[in-house]
Amino acid sequence: MRSARFVEALRHLARHDVEFVVVGMLSGVLHGAPVTTFDVDIVHRRTPENVQRLVAALKEIDAVYRADRRRIAPGESHLIGPGHQLLTTRLGDIDCLGTIDGEQTFEDLITEAATLELGEGLRCRALSLEQLIGIKERAGRPKDLAALPVLRATLEERSRPPGSNEE
């Protein structure tokens, strides 16, 4: 498995002005949850202009479909739809998702998403911890259910007033 360079991948997408929301466990990591993940999951805005920028960004990092030996690169026709494009790149795995959680689109998710500062002028949007917890609860998969206590504890910790030492 390649070494994942999550922040570099997010920075790369941001440099190309791709509109996206970080979803999946990486959104929890970005909020400080002590969890791990193996890929970058994003829901991107599915407009022709944004998809063109996404395709250009993915091409520069040699994106191809993960489970396809033919090393096919994603095109605009793949990324404009609601499906999931599971890709591998030289910066690690990136999953470009048209929708998540019962067909929620970028426009549905962005209203509650958090804007996070990642340093060096990089800002990105990621699911809020509340959104992530709700999505994991509804998914109900064992790996999602196992992460819930950690995500809830992180949300509780972040909700405490500064200087509070409640246990």
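A disulfide is taken here as a pair of cysteine sulfur atoms within 2.5 Å. The structure is a predicted model, in which local features need pLDDT of at least 70 and side-chain atom pairs count only at pLDDT 80 or more, while totals for chains, interfaces and linings use all residues. Residues are numbered from 1 along each chain as its sequence is written, and side-chain values use heavy atoms, with hydrogens and water left out.

View 1. Under the 2.5 Å rule, the count of disulfides is zero. The sulfur of Cys96 has its closest cysteine sulfur in Cys124, 14 Å away, which is too far for a bond. Cys124 is likewise in no disulfide. Cys96 counts as buried because its relative accessibility is 0%, and Cys124 counts as buried at 4%. The accessibility classes are buried for under 20% relative accessible area, exposed for over 50%, and partly exposed in between, with a 1.4 Å probe and protein chains only.

View 2. Phe20 belongs to strand β1, which spans residues 20–23. Helices (H or I, at least four residues) and strands (E, at least two) are DSSP runs, numbered from the N terminus. With 5% relative accessibility, Phe20 counts as buried. Contact means heavy atoms within 4.5 Å. Leaving aside neighbours within four places in sequence, the residues in contact with Phe20 are Leu10, Leu13, Ala14, Ile42, Val43, His44, Phe106, Cys124 and Arg125. Of these contacts of Phe20, Leu10 and Leu13 are among the buried residues of α1. Phe20 and Leu109 lie 89 residues apart in sequence, and their C-alpha atoms are 9.7 Å apart in space.

**View 3. Helix α1 and the loop to β1.** The buried residues in α1 include Phe6, Ala9, Leu10, Arg11, His12 and Leu13. Asp17 follows α1 and sits in the loop between α1 (6–15) and β1. Although Asp17 is not a glycine, its phi is positive, about 60°. Asp17 is exposed, because its relative accessible area is 54%.

**View 4. Asp62 in the loop between α3 and β3.** Asp62 is found between α3 (48–60) and β3 (64–65). Its phi is near 60°, a positive value in a residue other than glycine. A relative accessible area of 42% makes Asp62 partly exposed.

View 5. Ser128 lies in the loop between β7 (122–126) and α6. Its relative accessible area is 9%, so Ser128 is buried. Not counting residues up to four places away in sequence, Ser128 touches His31, Glu112, Ala113 and Ala114.

**View 6. Packing of α6 against α7.** The axes of α6 (residues 129–139) and α7 (residues 142–159) come within 10 Å and cross at roughly 160°. Axes are lines fitted to C-alpha atoms, for helices over the stretch in contact, and angles between N-to-C directions run from 0 to 180 degrees. The two helices α6 and α7 are therefore roughly antiparallel, a class for angles over 145 degrees, against under 35 for roughly parallel, 65 to 115 for roughly perpendicular and oblique for the rest. On the α6 side, the contact is made by Leu129, Glu130, Leu132, Ile133, Lys136, Glu137 and Ala139; on the α7 side, by Asp144, Leu145, Leu148, Leu151, Arg152, Thr154, Leu155 and Arg158. By class, the contact has eight nonpolar, one polar and six charged residues, where Ala, Val, Leu, Ile, Met, Phe, Trp, Tyr, Cys and Pro count as nonpolar, Asp, Glu, Lys and Arg as charged, and the others, Gly among them, as polar.
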